[in-house]
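Good morning, and thank you for coming.

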Amino acid sequence: RCQYCQSSRDLTLDHVRPRSRGGNTSWDNLVTACKKCNSKKGDFTPEEAGMVLLQVPFKPSFVMFIRDFNERVSEDWLHYLGKKQA
């Protein structure tokens, strides 16, 4: 879901602190955002854009990953999780 408006359509990844301003591509700087919200936010922080981030990004623990996603991980994500496709 979009972490600004809760939409589940046209999702993208948003750098909370824009890369052009020193933000990195990491668990604690990425959230899902619909295209509309990502475009509205642009090269600003959520605060500067007047947008409320519904959940602060964080790196999930291994236990959380196993609990929430065991056997339900899309094959598209295996590369990012360091797993090889069968």
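The chain has two helices and two strands; helices (H or I, at least four residues) and strands (E, at least two) are DSSP runs, numbered from the N terminus. Along the sequence they follow the pattern β-β-α-α.

Two remarks on sources are needed. This is a predicted model, in which local features need pLDDT of at least 70 and side-chain atom pairs count only at pLDDT 80 or more, while totals for chains, interfaces and linings use all residues. Residues are numbered from 1 along each chain as its sequence is written, and side-chain values use heavy atoms, with hydrogens and water left out.

Let me turn to the chain as a whole. Of its 86 residues, 24% count as buried; buried means under 20% relative accessible area, exposed over 50%, and partly exposed in between, with a 1.4 Å probe and protein chains only. The chain exposes about 6,800 Å², and carbon and sulfur atoms supply 52% of that area. Accessible areas come from the Shrake-Rupley method with a 1.4 Å probe; for residues, only the protein chains shown count as cover. Contact means heavy atoms within 4.5 Å. Among contacts between residues at least 6 apart in sequence, 54% join residues at least 24 apart.

Which residues form the largest nonpolar core? There are eight: C2, Y4, V16, V31, A33, C34, C37 and M51. Strand β2 gives the most to this core, with three residues. A nonpolar core is a set of buried Ala, Val, Leu, Ile, Met, Phe, Trp, Tyr and Cys residues joined through side-chain atoms within 4.5 Å. In soluble globular proteins, nonpolar side chains tend to be buried together.

Consider V31, which is found in strand β2, residues 30-34. V31 counts as buried because its relative accessibility is 5%. Beyond residues up to four places away in sequence, V31 touches Q3, Y4, T12, L13, D14, V16, L53, Q55 and P57. The C-alpha atoms of V31 and Q55 lie 24 residues apart along the chain and are separated by 8.5 Å.

L53, one of those partners of V31, lies in the loop between α1 (35-41) and α2 (62-69). Is L53 buried or partly exposed? L53 counts as partly exposed, because its relative accessibility is 22%. Leaving aside neighbours within four places in sequence, L53 is in contact with Q3, Y4, V16 and V31.

Finally, C37, with neighbours within four places again left aside, is in contact with C2, Y4, C5 and M51.
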